[in-house]
Amino acid sequence: MTRAQQAARAAKLAMVAGLAAFALLVAWNNLTDYGSNFAFVAHVLSMDTTFPDSALRSRAITAPALWHAGYAAIILGEALTGACFALGAIAMARGFRGAGFGRAKAWVHAGAALGFLVWFLGFQVLGGEWFAMWQSAQWNGQESAFRFVAMILGVAIYVSQPE
């Protein structure tokens, strides 16, 4: 293996480990400071800060039990995303000099798919459009979600490239 290939593998491993740390930290923060981001979920789902005359407000979910269920799904998705990236990073490190490195990329693809589902489908599609999060000045997480999706997809594309 050339030095350039080793450097590429090291960069890929570092990026995947960084994504694992990010997703796991987000999940951990949501568990240890449950109330802060639960308020976010409750406001988005209840649509109480969207435009008052919006015809979309009929989609609002006002049952606290469903807010908790939605938040639990988000946290689970974040944790699974982080776990897949962590398993990928560990497998990449173990197979660094051999074919195991390429096989480890399957974990990265799984993590990228889960992260895409959480932050694109969950926050952009469902939160942003279905629950009209874009109408809320205070409870709008679309920019952050876009950054997360862009980071995940950028790393996934780079990792997919041959060394």
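Helix H2 has 13 residues and spans 18 Å from its first C-alpha to its last, close to the 18 Å expected at 1.5 Å a residue (the expected span being 1.5 Å times one less than the number of residues). The model is predicted: local features need pLDDT of at least 70 and side-chain atom pairs count only at pLDDT 80 or more, while totals for chains, interfaces and linings use all residues. Residues are numbered from 1 along each chain as its sequence is written, and side-chain values use heavy atoms, with hydrogens and water left out.

**Helix H2**
- Helices are DSSP runs of H or I with at least four residues, numbered from the N terminus.
- Buried residues (under 20% relative accessible area, 1.4 Å probe, protein chains only) in H2 include Phe-38, Phe-40, Val-41 and Leu-45.
- The buried residues of H2 pack against H3 and H4.
- Just after H2, Met-47 takes a positive phi of about 55°.

**Nonpolar core**
- A nonpolar core is a set of buried Ala, Val, Leu, Ile, Met, Phe, Trp, Tyr and Cys residues joined through side-chain atoms within 4.5 Å.
- The largest such core has 40 residues, and Phe-40, Met-92 and Trp-119 are among those with the most contacts inside it.
- Helices H1 (3–32), H2 (34–46), H3 (64–94), H4 (100–130) and H5 (142–160) each give two or more residues to this core.

**H3 and H4**
- The axes of H3 and H4, lines fitted to C-alpha atoms over the stretch in contact, come within 8 Å and cross at roughly 160°.
- H3 and H4 are therefore roughly antiparallel (an angle over 145 degrees).

Note on methods
Buried < 20%, exposed > 50% of the residue type's maximum accessible area, 1.4 Å probe, protein only. Contact = heavy atoms within 4.5 Å. Axes fitted to C-alpha atoms, helices over the stretch in contact; angles between N-to-C directions. Parallel < 35°, antiparallel > 145°, perpendicular 65-115°, else oblique.
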